[in-house]
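Student: I would like to work through this fold with you. Please put the model up first.

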Amino acid sequence: RTAVTGGPDGLPDGTTGGDWPLALAPLLALTLAVAPATWTAGLFLTYARRKLAASRGLEDFAASVRPVLLGAVALFLGALAALVALCAPFLDAEPVSPAVLALGALLLVARLLTVHGFTHAPRVILMLTAVAQVLAPATVFAARLPGCASLGAPVEALTDAWGPTAVPVLACGAGASILL
């Protein structure tokens, strides 16, 4: 938000209203969400083992476990939304942030894949997501250089249309969808 509106004009001061706002509610909610993530992953594993024992082939197993996976992710997102809503009033933040939910979904699906031995795809997607979120404000800052105004146009159009949380929602949401 600050980059698109022409700032930041000062150094980080650690406040929520400063040039470099510090948002503690998402950090606290994501920290507290480790317990529901672990519980949801365990629940998914239990149901997946039951489906594996009853399945007759890989296609049968995949078809029977897909709804369980989607249900586990939805259950975790509900728990994360509740945690964000509980943490927000104490830390003067918005009740439910789509960016926090998208990041939580990305981290959960990456964790599920990593725990079950698939480490390459989560590593690549997490890296690409981080790069996309770093490049977004970097292009806005680079657009201020003479002759480079078009560099920031995509990010500015995106934030004008959907707000400043559009970049993390799109990056994390796309990453979570790809991994899912």
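Tutor: Contact means heavy atoms within 4.5 Å. Helices (H or I, at least four residues) and strands (E, at least two) are DSSP runs, numbered from the N terminus. Buried means under 20% relative accessible area, exposed over 50%, partly exposed in between (1.4 Å probe, protein chains only). This is a predicted model: local features need pLDDT of at least 70, side-chain atom pairs count only at pLDDT 80 or more, and totals for chains, interfaces and linings use all residues. Residues are numbered from 1 along each chain as its sequence is written, and side-chain values use heavy atoms, leaving out hydrogens and water.

Student: How many helices and strands does the chain have?
Tutor: Read along the sequence, the pattern is α-α-α-α-α-α-α. The count comes to 7 helices and 0 strands.

Student: Against which helices do the buried residues of H3 pack?
Tutor: H3 covers residues 58-91. Its buried residues include Val68, Ala72, Phe76 and Leu80. They pack against helix H1 (24-32), helix H2 (34-54) and helix H4 (98-115).

Student: Which residues touch the most other members of the largest nonpolar core?
Tutor: A nonpolar core is a set of buried Ala, Val, Leu, Ile, Met, Phe, Trp, Tyr and Cys residues joined through side-chain atoms within 4.5 Å. The largest has 28 residues, and those touching the most other members are Phe44 and Leu80.

Student: Which element gives the most to this core?
Tutor: Elements giving two or more residues are H2, H3, H4 and helix H7 (166-179). The top contributor, with 10 residues, is H3.

Student: Why does Thr129 count as buried?
Tutor: Thr129 sits in helix H5 (residues 120-142). Not counting residues up to four places away in sequence, Thr129 touches Leu106, Ala171, Cys172 and Gly175. Thr129 counts as buried because its relative accessibility is 7%.

Student: Is Ala74 buried or partly exposed?
Tutor: Ala74 lies in helix H3. Its relative accessible area is 47%, so Ala74 is partly exposed.

How values were computed:
Expected span 1.5 Å × (residues − 1).
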